[in-house]
Amino acid sequence: MPAGYIFGVVGLFIFALTALAATLRPGGVRANWEHGIGLYALGLLVYGQYGGLYLAPPDTWMADVARILYVHVPAAWISMVAFTWAFAAAFGALMLERPKSLPVLSAATAVPGIGLIGLAMALTGVQRGLAAFFGILLILTAVECALLWIGNRFFNWTSDTLDHISEASTEVGVVLGVLLLFLGSVFSRPTFNVYWTWDPRLTASAVMVLTFVGVSLLRSSVDDPITRRTWSNVATILAYINIPVTYMSVKWWRTIHQLQSTPDTLSSDMTFWLRLNAWAFLFLSIWFVARRWRIARARALAEAPPELPPAPEIP
Amino acid sequence: MSFTVERGDALMLTGANGSGKTTLLRCLATALKPDHGRATWEGVDLWTDRAACRPKLSLYSHASALWEDLSGPENLRIWAQLGGYAPNIEARLDEVGLELRHEPVRTYSAGMRRRLALARSLLKEPELLLLDEPFAALDPDGRALVVDIANKRRASGTTLIIATHLPDEAAAVCDKRIHLEAGRAVAVP
Amino acid sequence: MIARIIKQTFQVAYKDLLIEWRSPQRVSGLFFFALVLVILVAFTADASPGVLKKTAGGALWLGLLLASARSLDLSYAIETDNDALSGMVRWPVHPAAMFYGKALANTAVLTLVGMALTPMVVVMYNAPVQGSWLQLAAVLVLGGAALAAPGTFYALLTTRARASSVLLPLLLFPLVVPALVAASRATALLMDGDAMGEAGSWLSLLLAFDLLHWSLDGLFFGLIVEER
């Protein structure tokens, strides 16, 4: 196991433990259980940033300027992760309005998914990639439907819970996305001598962030809670599915430069700090999402119509 | 509140502005999802089985559902086609006392629009006809016409629910009455 | 069931187009709005012929995109004036028929405006079409469809939301970036002769975008058209 993953495992362990303890605690869910992962994330972030700034070796090409990657790249990865949460939660929120269809859909996607993965084994080249991609997509759908079914059946998950998670994740994704774009521009100036490069990834990210800003605004422009839930979830799904198409179009449109910032081109020391910071960002955004989810839930409770008193006799 | 209407009944809903008449009618017309409670038509839940119920009910309200740039006959023809209902436009127009005119609805007077909207809601020949303020914006002739049409439908087995501020007019059609106050059924004052 | 949906689709499209036919000032207004935008883009660009020529495809599609936001708003204004939309839901008209009918009509209007606008752009930007006219027509149809499908979808959301006039462009424009890029690149290439035969791949991207949105948006329309 490469070093760096251990920090992730520890973080996930803390998260699972606090969540479980909060859920199983006699006398109801304990408030603010998410602070455990938050504190861990903050510690990791301080350590990771210190390491990125002082301990990691300078980059062969860009020297100390490259140290911005320890924020820029995690922000890019984790904003994408947050939008994926938003998408998965939006899909879940729509599906939980029809919980009876969950087992059916799970089975209906699992079978062809496994079939496609099997097909991918037999194929080569582009066809293999396509088969594997759609196979994995179908299996993920099946897994999510199964999870949703279990959550709905045994843990009282509702459409609202997931809608609030989607709302929270969208906003966290937008914040990270704005950070990513800002830092991309800061990095771009000394490296390419321009504030903005029309690099496919940067441009597609900008479009993606704007799309989700639109979704967020849609959410705040609808008054009725149930209408708002349906509309913003549908808009989230469409915005997310549009990302690969946008990326393709922008990539074809212009490919000025390719700066691979995946770990392959970096030294193993740099990879370590990059991973560490990515974990820190991941746990930080889990914390943010949990906090924002609380706000969304509190607001929904405040909005809920009061219980009606029993009706009187009909004259 | 809770009430039952038998097939062929005519029920009058009265009550002050904001007492919930329109909301109730919109719930029955499957235009609104009821926050609480349920409504059924012959044992079928109106909202959850709305696909099955919608062809059987028709709501006539202040929202005329007419396209302003098309003429009256065109409006009726398109609505009839969309639902797969028999058009016989001239008979429909004649029934509500309108002439065959080819000017766009934009140029119609308020009363003419109301008549045309009534003709539209009758295209379906619904089993349950919901009339929200059917006498508003109509001249005495028009009101008599509405009473006449409602009575004819009732005689042929249509169930009617009429929300109105004019109980005297509606009394010529309805034999039951529910008075609403702040969303609750109360005794007729 | 399917036959009925298809029938209703064409009835809805016919109805929308009939309304456009009865009030032609709407389509002509749209055309002149797009034309003004095309001229304004020329003012903001460098006036030298080489640059103008390169901008032509982009100007055409930018004009069409901005005009489409207005046109989509109007296409729902006729439905919401007297609440005909909710009347159709309860009639009942199948949501898929409503979506595809309106999207077809919007595609027709946008394609028509695009076809009228193209000669203007060709003349004003001095960008004669050196590639295939047939391909250009395909770009106009597929591009119009690519703006119409998500547009028909989001315009419904925004007509019912608060602050709708700001919201529609904000939701729609980032989403149609692929369509805008593909259509304007393909148009520019076709005006430039398309020596490398690249217009075909842009057309296929446009087609992929169309397939994605014409299928998904139609699927989701039923969820959003029903008032609660």
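Four salt bridges are found across the interface of chain B and chain C, a salt bridge being a side-chain nitrogen of Lys or Arg within 4 Å of a carboxyl oxygen of Asp or Glu. The model is a predicted one, in which local features need pLDDT of at least 70, side-chain atom pairs count only at pLDDT 80 or more, and totals for chains, interfaces and linings use all residues. Residues are numbered from 1 along each chain as its sequence is written, chains are lettered from A and ligands numbered from 1 in the order in which they are written, and side-chain values use heavy atoms, with hydrogens and water left out.

One salt bridge between these chains joins Arg26(C) to Asp69(B), with 3.6 Å between the closest N and O atoms. Asp69(B) sits in the loop between strand E4 (57–60) and H3 of chain B, and Arg26(C) in helix H2 (residues 25–44) of chain C; helices (H or I, at least four residues) and strands (E, at least two) are DSSP runs, numbered from the N terminus. Asp69(B) is buried at a relative accessible area of 12%, and Arg26(C) is buried at 19%. Here buried means under 20% relative accessible area, exposed over 50%, and partly exposed in between (1.4 Å probe, protein chains only). A network of salt bridges links Asp69(B) and Arg26(C) with Arg106(B) and Glu20(C).

The interface as a whole has 31 residues of chain B in contact (heavy atoms within 4.5 Å) with 27 residues of chain C. The size of an interface is often given as the accessible area lost when the parts come together. Chain B and chain C bury about 2,600 Å² between them, 55% of it on carbon and sulfur atoms; this buried area is the accessible area (1.4 Å probe) that two parts lose on being put together, summed over both.

Chain A consists of nine helices and zero strands. Of its 315 residues, 44% count as buried. Among contacts in chain A with a separation of 6 or more, 78% are between residues 24 or more positions apart.

Glu303(A) lies in helix H9 (residues 268–303) and Arg228(A) in helix H8 (residues 225–253), so the pair ties together parts of chain A that are 75 residues apart in sequence. Glu303(A) is partly exposed at 34% relative accessibility, whereas Arg228(A) is buried at 18%.

Another residue of chain A, His164(A), belongs to helix H6 (residues 159–192). Is His164(A) buried or exposed? With a relative accessible area of 7%, His164(A) is buried. Apart from neighbours within four places in sequence, His164(A) is in contact with Trp293(A), Ala296(A), Arg297(A) and Ala300(A).

In chain C, Ala13(C) is part of helix H1 (residues 2–22) and is buried at 7% relative accessibility. Leaving out residues up to four places away in sequence, Ala13(C) touches Gly101(C), Leu104(C) and Ala105(C).

Within chain B, Glu169(B) forms a salt bridge with Arg143(B), with the closest N and O atoms 3.5 Å apart. Glu169(B) is in helix H7 (residues 167–171) and Arg143(B) in helix H6 (residues 140–155) of chain B, 26 residues apart. Glu169(B) is partly exposed at 25% relative accessibility, and Arg143(B) is partly exposed at 23%.
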